[in-house]
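Subject: Model handover

Hello,

Here is the model for your files. Please look it over first; my notes follow below.

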Amino acid sequence: MLKIEHVRKNYDTFSLDCSLEVPQGCVTGLIGQNGAGKTTTFKALLGLISIDGGSIQIFDKNLQEFQVQDKQKLGVVLSDSGFSGYLTVDDIIPVLTHLYDSFDQSFFLQHLQKFGLPRGKKIREFSTGMKAKLKVLAAISHNPRLLILDEPTAGLDVVARDELLDMLRTFMEQDEQRSILISSHISSDLETMCDDLYMIHEGRIILHEDTDVLLSDYALLKVNEEQYRRLDTQYLLCSRKESYGYSCLTNQKQFYLENYPEIAVEKGSIDNVVTMMIRGEKL
Amino acid sequence: MTGLLIKDFRLLKVQKNFFTLIVFILLGMILFSEDNFFAVSFATFIFSLFSTSTVSYDEFDNGNPFLFSLPVTRKGYVLEKYCFGLILGGSAWFVSTLLVVIVQLTKGAASLTDLLLPSLALLPFMLFLLAVMLPIQLKFGSEKGRIVLIGVIGLIFLLGVLAVKAAEALHINLAFLFNSLSSLSMSALIFGAIAVMLLLLLLSLKISMAVMNRKEF
């Protein structure tokens with residue numbers, strides 16, 4: 001569905017070299033700190049910035065050959081950019097109808113009502129939650145095959161986030177050929193939504209794992225100095241010095257549970273993995 | 001492109017109070033003033049320049065990245081801005097000219113040729129304005145664009161002064177030359193100027209497309 005290989009973009013203080021793939025029918029998450037390169041990756045694959053190398057393929061087509069017709073099959077949400085705030089929802093309906101051949105106006109109107117989005121109010125007067133819902137609704141209302149969502153839940157309260165994620169889940173359930181690439185700061189969003197996850201740090205992908213594997217096989221081992229010295233390090237990804245000794249990240253939880261029953265093992269979570277991969281020392 | 005045109009017409013609605021006021025001022029000028037030429041030029045330039053304002057509206061609050069993630073090409077966007085400027089400016093020119101003609105003919109103040117020629121003479125200026133303003137707006141944005149525009153206007157003024165000085169040095173009386181032109185040769189001159197400005201507008205379109213293709217959002 002989407003494949004990017006060694007996409008490079010060089011700025012004065014930052015360089016991106018990113019490869020990732022979103023298979024058909026999958027929800028793929030991109031996670032990383034602020035400034036890690038998530039938005040730059042999104043902008044590159046949308047053709048909003050030029051790239052210094054590498055290749056981007058969407059629907060088995062090079063991005064350079066991408067036409068208006070191909071863009072109709074994409075639904076996009078960007079965290080810091082949206083419809084002109086001077087327009088109202090009533091203004092954007094005819095715009096979307098003319099831009100997308102398969103814009104489903106009745107679906108759009110029905111969900112506007114469901115989410116309580118006013119049609120005659122200027123978008124700049126909307127709350128953060130209303131703006132986010134409108135962006136996602138507009139992105140899914142033309143039957144796209146691939147959704148590209150950069151921080152769609154940023155700044156939302158728990159209820160609004162839940163409503164939005166429900167909308168995305170329903171979108172995926174309706175057609176198994178659809179795919180989503182989503183980035184978020186909120187790990188619980190990604191844990192419940194994504195089939196696989198890429199972690200980006202300083203412009204490089206430092207981890208790619210299935211979410212199920214990450215949650216079942218990854219773990220944080222908490223050991224004292226003595227236990228650390230005796231520990232078999234072959235399945236450790238990284239470790240970090242702590243006040244009590246060391247915390248170590250492993251992707252073979254079962255091995256340590258069976259062979260070191262005395263050590264404390266904390267179940268893997270996205271937050272654990274992110275923190276350890278970024279702040280820990282590689283082994 | 002239709003979707004983008006609709007968006008820009010909807011943005012026009014944002015300034016509806018301003019444009020309603022303009023329309024009333026124009027009606028006042030046409031009905032009560034003798035200087036109809038000014039009313040037509042005022043309407044034509046104000047409306048055609050709204051095209052550059054929509055570029056600012058698009059840029060407002062970092063709107064461009066999202067806009068260009070929609071099924072819109074950079075070339076299509078530029079083309080739409082030129083079309084929008086031509087549609088708005090052309091419509092304003094047509095309607096104001098029509099009103100002037102109706103009012104003046106009703107008053108029996110002037111002949112149709114005397115009314116139409118000054119109006120027609122505005123069209124090359126409108127095309128020139130669009131050809132200069134749009135690439136500047138697209139390249140530099142509204143803040144820097146204003147400074148660049150002042151520079152460009154200064155340069156054009158300087159070239160005009162130089163042309164007049166050169167004509168004086170060659171003992172050519174430009175005012176006499178224009179006054180001695182017949183209506184027929186004057187209209188030929190105007191249509192010639194329109195043709196030249198259309199070519200300039202095409203060149204400007206090419207430049208704007210190149211500017212947009214290099215832009216990073």
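**Helix packing in chain B**

α6(B) and α7(B) are roughly antiparallel to each other, because their angle falls in that class (under 35 degrees counts as roughly parallel, over 145 as roughly antiparallel, 65 to 115 as roughly perpendicular and the rest as oblique). Their axes come within 10 Å and cross at roughly 160°. Axes here are lines fitted to C-alpha atoms, for helices over the stretch in contact, with angles from 0 to 180 degrees between N-to-C directions. Helix α6 spans residues 74-107 of chain B, and helix α7 spans residues 112-169. Helices (H or I, at least four residues) and strands (E, at least two) are DSSP runs, numbered from the N terminus.

The contact of α6(B) with α7(B) has 20 nonpolar, six polar and one charged residues. Nonpolar covers Ala, Val, Leu, Ile, Met, Phe, Trp, Tyr, Cys and Pro; charged covers Asp, Glu, Lys and Arg; the others, Gly among them, are polar.

Helix α2 (residues 16-32) of chain B also packs on α6(B), at about 25° with the axes 9 Å apart. α2(B) and α6(B) are therefore roughly parallel. From α2(B), B:Leu27, B:Ile30 and B:Leu31 take part. The α6(B) side includes B:Leu99, B:Val100 and B:Val103. Contact means heavy atoms within 4.5 Å. By class, this contact divides into six nonpolar, two polar and one charged.

Chain B has nine helices and zero strands. Its C-alpha atoms fill a box of roughly 55 × 45 × 25 Å along the principal axes.

**Basis**

This is a predicted model: local features need pLDDT of at least 70, side-chain atom pairs count only at pLDDT 80 or more, and totals for chains, interfaces and linings use all residues. Residues are numbered from 1 along each chain as its sequence is written, chains are lettered from A and ligands numbered from 1 in the order written, and side-chain values use heavy atoms, leaving out hydrogens and water.

**Interface**

Chain A and chain B bury about 2,500 Å² between them, 64% of it on carbon and sulfur atoms. Buried area is the accessible area (1.4 Å probe) that two parts lose on being put together, summed over both. In chain A, A:Leu48, A:Tyr86 and A:Leu99 lose the most area to chain B, together 24% of what that side buries. The contact takes 27 residues from chain A and 26 from chain B.

Regards
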